[in-house]
Amino acid sequence: MSPVKLLTQMAVLLAMMAAGYIAYKKKFMNAGTASQMSTLVVQIFNPLLIFTSIASRSTDHIRALTGDTIKLAILLYSFSFVVGLVYCLLRRFDKKTRCYYQLMILLGNVGFMGIPLISAIYGPEYVILLVFYMLAFNFFAYTLGIYLASGLSEEEHKFNCKKVVNPGLICSVLAVVIFAFDIEIPTPVADFCGYMGRVCIPVSMMLIGASFAQVDIRRLLSKGETYIFLLVRMIAIPVVGVLIFRHLPVRKEALEIFFILLSMPVASMTGMMAEEYAHKGNDVNEIVALSTIISVVTIPLVSLLYA
């Protein structure tokens, strides 16, 4: 585990955010454009991203890590869900505020940031392991995530169970079947999914940058709750997670990947979902942008605990 490699890759993602920031300031995009792009990411690009890693055949070594990875993926979201409940309970939030913070604690940026980080540190063949985290992410994002995002709306009972059946969940189920039965994906299909899915990484980072361009930094930083949340989300949760789970009886590489993903900032998709289901994307994107910028430092620092 190299903190230097982590820092370098985080700097690349930060540059993508800067491109989005500049594009918004130069009026190459506006709030309406960003909202439409968010919908494309949520409904098309993100669901297809999952196929970019399962399209290639995995080695026996990688498959040997599968069992540990599945257990750790379940652990990641179980831990995040419990921490979110405890945090909101201790802070005594009202219902809408509780939905706001639970959504941001539950969903970390395991896909858009996890893929380039894991690929750079361990090699592209290890990206296949992220499919299980992404499956769990998509399951929770398109079920509990939609429920929480809908809870931010002023409209009562906006959540509709039919929204759970969507491209994200469908692609997740298909990916499980393809990986489990080692089904070969035709080259044209794999290429299509690869090109479309990879759009997620730069576009989602640019959207974070664009949202940051709309943020009133002074107003945001004047909120004491912002500091408390970022301290908990970006430092306390990953540090406590490392201390609790560092001696789990699993393979070292699988555990290191788990710790990296536990340290991820708030997922950019949370802002996109908040915009799509409650038209409150900017509120969430402010925290997404700040947590992503902070992660450039916190992820390498936390990695020192398990390097």
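**Close-up views of a predicted model**

View 1. The buried residues of helix 7 are Gly 114, Ile 115, Pro 116, Leu 117, Ile 118, Ile 121 and Tyr 122. Buried means under 20% relative accessible area, exposed over 50%, and partly exposed in between (1.4 Å probe, protein chains only). Helix 7 spans residues 114-122 and is mostly covered, with 7 of its 9 residues buried. The cover includes helix 1 (3-25), helix 2, helix 8, helix 11 (200-213) and helix 14 (252-262). Helices are DSSP runs (H or I, at least four residues), numbered from the N terminus. Just after helix 7, Gly 123 takes a positive phi of about 115°.

This is a predicted model: local features need pLDDT of at least 70, side-chain atom pairs count only at pLDDT 80 or more, and totals for chains, interfaces and linings use all residues. Residues are numbered from 1 along each chain as its sequence is written, and side-chain values use heavy atoms, with hydrogens and water left out.

**View 2. Helix 2 against helix 8.** The axes of helix 2 (residues 31-49) and helix 8 (residues 130-150) come within 10 Å and cross at roughly 155°. Helix 2 is therefore roughly antiparallel to helix 8 (angles over 145 degrees count as such). Axes are lines fitted to C-alpha atoms over the stretch in contact, and angles run from 0 to 180 degrees between N-to-C directions. Helix 2 contributes Val 42, Asn 46, Pro 47 and Leu 49; helix 8 contributes Met 134, Asn 138 and Tyr 142. Contact means heavy atoms within 4.5 Å.

**View 3. The largest nonpolar core.** This core has 105 residues, and Tyr 133, Phe 229, Ile 257, Phe 258 and Ile 260 have the most contacts inside it. Such a core is a set of buried Ala, Val, Leu, Ile, Met, Phe, Trp, Tyr and Cys residues joined through side-chain atoms within 4.5 Å. Helix 8 gives the largest share, 13 residues.

**View 4. Cys 193.** Cys 193 is found in helix 10 (residues 187-198). At 7% relative accessibility, Cys 193 is buried. Cys 193 touches Leu 48, Phe 51, Thr 52 and Arg 198, not counting residues up to four places away in sequence.

**View 5. Ser 303.** Ser 303 sits in helix 16 (residues 281-303). Ser 303 is buried, at a relative accessible area of 0%. A polar atom of its side chain lies 2.5 Å from the backbone oxygen of Pro 300.

Terms used:
Helices (H or I, at least four residues) and strands (E, at least two) are DSSP runs, numbered from the N terminus. A polar contact is a pair of N or O atoms within 3.5 Å; within protein, one must be able to donate a hydrogen and the other to accept it, and residues adjacent in sequence count only if both atoms are side-chain atoms. Angles under 35 degrees count as roughly parallel, over 145 as roughly antiparallel, 65 to 115 as roughly perpendicular and the rest as oblique.
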